[in-house]
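Let's take a friendly tour of the charged side chains in this protein. Here are the sequence and the model to look at as you read.

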Amino acid sequence: MRIVAVSTGLPADLTSGSRTVLSGIVKAPVDGRVAVGPTGLAGDGQADLSVHGGPDKAVYAYPLEHYAHWAAELGRDDLAPGHFGENLTVEGLPEDEIAIGDVLRSDGALFEVSQPRVPCFKLGMRMGDPGFLKPFLRSGRVGFYLRVLETGSVGAGDALRREHAAEGSMTVRGVAALLLDSASADDLARGAEVAALPLAWREGFANRAIALRRRPA
């Protein structure tokens, strides 16, 4: 497991068709080591702090292996590290093997897996396809956010190791599947018990589980 690329970017105009919005989704790899603070990387930023950024979404990681999938699926040859808005392009950390609450140590910082990525319309704009959000989420290839447990620095080529495996948790892919309408009440109730998820996620899953169980058979 390792970091392949470290990417940053500050909010700037993002244009798709006739629409322009301010977004921090456009990120590019940087050379050398990058400082990691409690809420993210130096030189990085988000446009709408009401839904992006903060301690629970300090750093976004995306598996390198998905690039080949999307290149083939979409028939594109322009996808390179950072394209999905990730800070860390990682290798060897698939969503079906990494659990919420797992603690990952790099050569210079300590992280905790906090939640899957929920795609918003800006990802569709970045990809030039507003319809991309649904297949992105359904695929489970959504990447994951990291809390910063110990500040420090990161750089391309850093090794990553799982310092602590969360017990009684769910994988990133398993939690991402709970965002779909097909999620069952039992699975939603299980998601509500994943302690490392943000409170809003746990409450949302619990409320959906209750609603499903109240539906007439």
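## What counts as a salt bridge

A salt bridge is a side-chain nitrogen of Lys or Arg within 4 Å of a carboxyl oxygen of Asp or Glu. Searching the whole structure gives 11 salt bridges.

This is a predicted model, where local features need pLDDT of at least 70 and side-chain atom pairs count only at pLDDT 80 or more, while totals for chains, interfaces and linings use all residues. Residues are numbered from 1 along each chain as its sequence is written, and side-chain values use heavy atoms, with hydrogens and water left out.

R147 pairs with D56, their closest N and O atoms lying 2.7 Å apart. R147 sits in strand β11 (residues 144-150) and D56 in the loop between β6 (40-41) and β7 (59-63), so this bridge ties together parts 91 residues apart in sequence. Strands (E, at least two residues) are DSSP runs, numbered from the N terminus.

D102 and R162 form another salt bridge, with 2.9 Å between the closest N and O atoms. D102 belongs to the loop between β8 (88-91) and β9 (103-105) and R162 to strand β13 (residues 161-164), so the pair links parts 60 residues apart in sequence.

## Buried or partly exposed?

Buried means under 20% relative accessible area, exposed over 50%, and partly exposed in between (1.4 Å probe, protein chains only). R147 is buried at 14%, whereas D56 is partly exposed at 29%.

Key
Helices (H or I, at least four residues) and strands (E, at least two) are DSSP runs, numbered from the N terminus.
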